[in-house]
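Please open the structure in a viewer and keep the selection panel at hand.

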There are 4 protein chains.
Amino acid sequence: MNSMKYLVDISVEPIGTDSTSISRYVKLVYEVLKAKGIKFYPAPSMTTLEIDDITQLGYIIKDIDDTLAKEGVKRIVTIMKIDDRRDKENSIEHKLEVIKM
Amino acid sequence: MNSMKYLVDISVEPIGTDSTSISRYVKLVYEVLKAKGIKFYPAPSMTTLEIDDITQLGYIIKDIDDTLAKEGVKRIVTIMKIDDRRDKENSIEHKLEVIKM
Amino acid sequence: MNSMKYLVDISVEPIGTDSTSISRYVKLVYEVLKAKGIKFYPAPSMTTLEIDDITQLGYIIKDIDDTLAKEGVKRIVTIMKIDDRRDKENSIEHKLEVIKM
Amino acid sequence: MNSMKYLVDISVEPIGTDSTSISRYVKLVYEVLKAKGIKFYPAPSMTTLEIDDITQLGYIIKDIDDTLAKEGVKRIVTIMKIDDRRDKENSIEHKLEVIKM
């Protein structure tokens, strides 16, 4: 069942910039994801990515980090939560249903 | 500046239940938060809590875990990201502005 | 079974300092934990705390953040993983047994 | 500076197994890492991997998840913290120095 989607939540924290604001870097992450054609859902906590082929994950991280490094960030900490569900199709839509109150 | 708000992202993972579905537990977490009068924002990734007094965090975790334990969950792993910003008022509204595309 | 121990992994990331090095802040976190008499196990990834009373968690976070704020850190992101096991005594020693290769 | 090492902390949580014990899966993760020749440091909190080429990350996750799926795990949640430092060589050894008390 290699065709199953992975849901990957990410949060990127630049370390050693001289500003406490990170909104500029959040925008850059969104731009990288859009340029790569990755479906994603932004949230105050973490951004959820829907990934068909998990082997692409490292390339995504590399593109994000390279983009931030070009903007002068010298240390990038990325928090990630990967949800790999093999019994049932997983998707951002499904998760949005689950959290409906 | 003790009056500053903390933003706390949480994700609760029940371990050792015999089902891969966790939506039932997500609803229980929301109910605990509502009962405690905590402002929160649900997302596919993690739920963001806006907390005025961070010393209450442990009590919130205890209430969530006790509630899940009553439902038969024997091991609960909670992932958390705490954002404590001291230079500027932080809020769910502010973060929603930041992620606007 | 309120007497059960919680294992709490933490990692503290200072944001907006002008240095990429965080070792100085790691030492401060250890000092806070020692001063509070909390048993902990350092690791390259995250520090594991053994906590008898989870309601104390928020006070620990507050002490750590206040200490870093006094050193000039204006934004502190803390990553945490809480392991609450209710069927069996949990401890740092038990986890060290599990990871023995 | 593409030759810089990435430090990646991982923690794998099987969801929907009927046991609260995860030590068996921890051993499987170590076996996958050894078979792939990846340098790693186990800890009670998370396992730290030293990765030269971050583009390999997705392949590592796929191998771990496929291995657990073969053992019957139907949902696998992986928590990850990636440390990409571009100003200075990063390594498990360096981090072990930092945490020395």
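Select chain C and chain B together: 11 residue pairs are in polar contact between them, both residues being at pLDDT 80 or more. A polar contact is a pair of N or O atoms within 3.5 Å; within protein, one must be able to donate a hydrogen and the other to accept it, and residues adjacent in sequence count only if both atoms are side-chain atoms. On the side of chain C that touches chain B, helix H2 (57-70) and strand S4 (75-85) of chain C each supply at least two residues. The largest contribution to that side comes from S4(C), with 11 residues. Helices (H or I, at least four residues) and strands (E, at least two) are DSSP runs, numbered from the N terminus. By class, that side of chain C holds 11 nonpolar, six polar and 12 charged residues. Here Ala, Val, Leu, Ile, Met, Phe, Trp, Tyr, Cys and Pro count as nonpolar, Asp, Glu, Lys and Arg as charged, and the others, Gly among them, as polar.

This is a predicted model, in which local features need pLDDT of at least 70 and side-chain atom pairs count only at pLDDT 80 or more, while totals for chains, interfaces and linings use all residues; side-chain values use heavy atoms, with hydrogens and water left out. Residues are numbered from 1 along each chain as its sequence is written, and chains are lettered from A and ligands numbered from 1 in the order in which they are written.

**The contact of chain C and chain B**

Next, colour the residues in contact (heavy atoms within 4.5 Å). Chain C gives 29 residues and chain B gives 29 residues. The two chains bury about 2500 Å² between them, and 53% of this lies on carbon and sulfur atoms. In chain C, the residues that lose the most area to chain B are C:Arg75, C:Ile82 and C:Arg86, which together make up 22% of what that side buries. Buried area is the accessible area (1.4 Å probe) that two parts lose on being put together, summed over both.

How many salt bridges are there between chain C and chain B? The count is four, a salt bridge being a side-chain nitrogen of Lys or Arg within 4 Å of a carboxyl oxygen of Asp or Glu. Display the side chains of C:Arg75 and B:Asp83, which meet in one at 2.6 Å, N to O.

Keep B:Asp83 in view, for this residue stands opposite C:Val77 in S4(C). Then select strand S4 (residues 75-85) of chain B, which pairs with S4(C) in the antiparallel sense over 11 bridges. Two strands pair if DSSP finds at least two bridges between them.

Now superpose the two chains. Chain C can be laid on chain B by a turn of 180° and a shift of 0.0 Å along the axis, with an RMSD of 0.0 Å. This is the relation of a two-fold axis. The superposition is by least squares on the C-alpha atoms of residues with pLDDT of at least 70 in both copies. The copies meet through the same surface, because 100% of the interface residues of chain C are also interface residues in chain B.

**The contact of chain B and chain D**

Select chain B with chain D: 14 residues of chain B are in contact with 14 residues of chain D. The buried area is about 1100 Å², of which carbon and sulfur atoms give 65%. Across this interface there are zero salt bridges and two residue pairs in polar contact (both at pLDDT 80 or more). Strand S1 (6-15) and S4 of chain B each supply at least two residues of the side that touches chain D.

**Chain A**

Finally, select chain A, which has three helices and four strands in the order β-α-β-β-α-β-α along the sequence. Display A:Lys81 and A:Asp9, which form a salt bridge with the closest N and O atoms 4.0 Å apart. A:Lys81 lies in strand S4 (residues 75-85) and A:Asp9 in strand S1 (residues 6-15), so the pair ties together parts 72 residues apart in sequence.
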